[in-house]
Amino acid sequence: MPITPATATHSSSNGTADAILLELVDEDGTTIGTAEKLDAHRAPGRLHRAFSVFLFDEQGRLLLQQRALGKYHSPGVWSNTCCGHPYPGEAPFAAAARRTHEELGVSPSLMAEAGTVRYNHPDPASGLVEQEYNHLFVGLVQATPRPDSEEVASTAFVTAEELTARHAADPFSAWFATVLDAARPAIRELTGASAGW
């Protein structure tokens, strides 16, 4: 992973990674502390800040990613373009752009905020819980994705109609439907009514 101002404080001088910390928040999204990433996801979960990105191509197709099989949380399932957690003190917009580039090798264009959504989604397979205050972003992708294989198993561009069929047939992340529904107004504004979102 490239060292950036946001990640520099998360690597020790001897080259080993420190524990990844997340921002704990209250119901209004105000930061109230920090917790180690895995600890924040252990049942019953601790409410923490997260982000979800939805990027579309010029035809109005959504870029999906299949999470890498080696991930400890929700491996192998399909989800939105990118999702993750800002580091403590990192702006959600900056974190969303950073992780999209780290995971998919692309930089979003015209990325804009699309609101927030709060949810509590247990993952039966892992026993972990997504207790998140999630910042949503929508934008365009104008380059061919070059996924990091440690993060992403596969990618696909889908129309709204194709997503409905794929969602019925393939496993998706527990949070996917919630964040998609919350982002729909901004998605429609970005892609236009004819795209069907």
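View 1. Leaving aside residues up to four places away in sequence, Glu36 touches Ala19, Ile20 and Leu21, where a contact means heavy atoms within 4.5 Å. Glu36 itself belongs to strand E2, which covers residues 31-36; helices (H or I, at least four residues) and strands (E, at least two) are DSSP runs, numbered from the N terminus. This is a predicted model, in which local features need pLDDT of at least 70 and side-chain atom pairs count only at pLDDT 80 or more, while totals for chains, interfaces and linings use all residues. Residues are numbered from 1 along each chain as its sequence is written, and side-chain values use heavy atoms, with hydrogens and water left out. With a relative accessibility of 30%, Glu36 counts as partly exposed, a class that lies between buried (under 20% relative accessible area) and exposed (over 50%), calculated with a 1.4 Å probe on protein chains only. A polar atom of the Glu36 side chain lies 3.0 Å from the backbone nitrogen of Asp39. The C-alpha atoms of Glu36 and Asp18, which are 18 residues apart along the chain, are separated by 10.0 Å.

**View 2. Gln65 and the partners of its side chain.** Gln65 is found in strand E4, residues 62-67, and is buried, with a relative accessible area of 3%. The side chain of Gln65 makes a polar contact with the side chain of Glu103 at 2.7 Å; such a contact is a pair of N or O atoms within 3.5 Å, and within protein one must be able to donate a hydrogen and the other to accept it, while residues adjacent in sequence count only if both atoms are side-chain atoms. The Gln65 side chain also reaches the backbone oxygen of Thr81, at 2.9 Å. Beyond four places in sequence, the residues that Gln65 touches include Trp78, Cys82, Glu151 and Thr155.

**View 3. Ser173 in the loop between helices H4 and H5.** Ser173 sits in the loop that joins helix H4 (160-169) and helix H5 (176-191), and at 5% relative accessibility Ser173 counts as buried. The side chains of Ser173 and Ser79 make a polar contact at 2.8 Å. Not counting residues up to four places away in sequence, Ser173 touches Val77, Trp78 and Ser79.

**View 4. The cysteines Cys82 and Cys83.** The structure holds zero disulfides, a disulfide being a pair of cysteine sulfur atoms within 2.5 Å. The sulfur of Cys82 has its closest cysteine sulfur in Cys83, but the 6.3 Å between them is too far for a bond. Cys82 is buried, at 0% relative accessibility, and Cys83 is buried with a relative accessible area of 15%.
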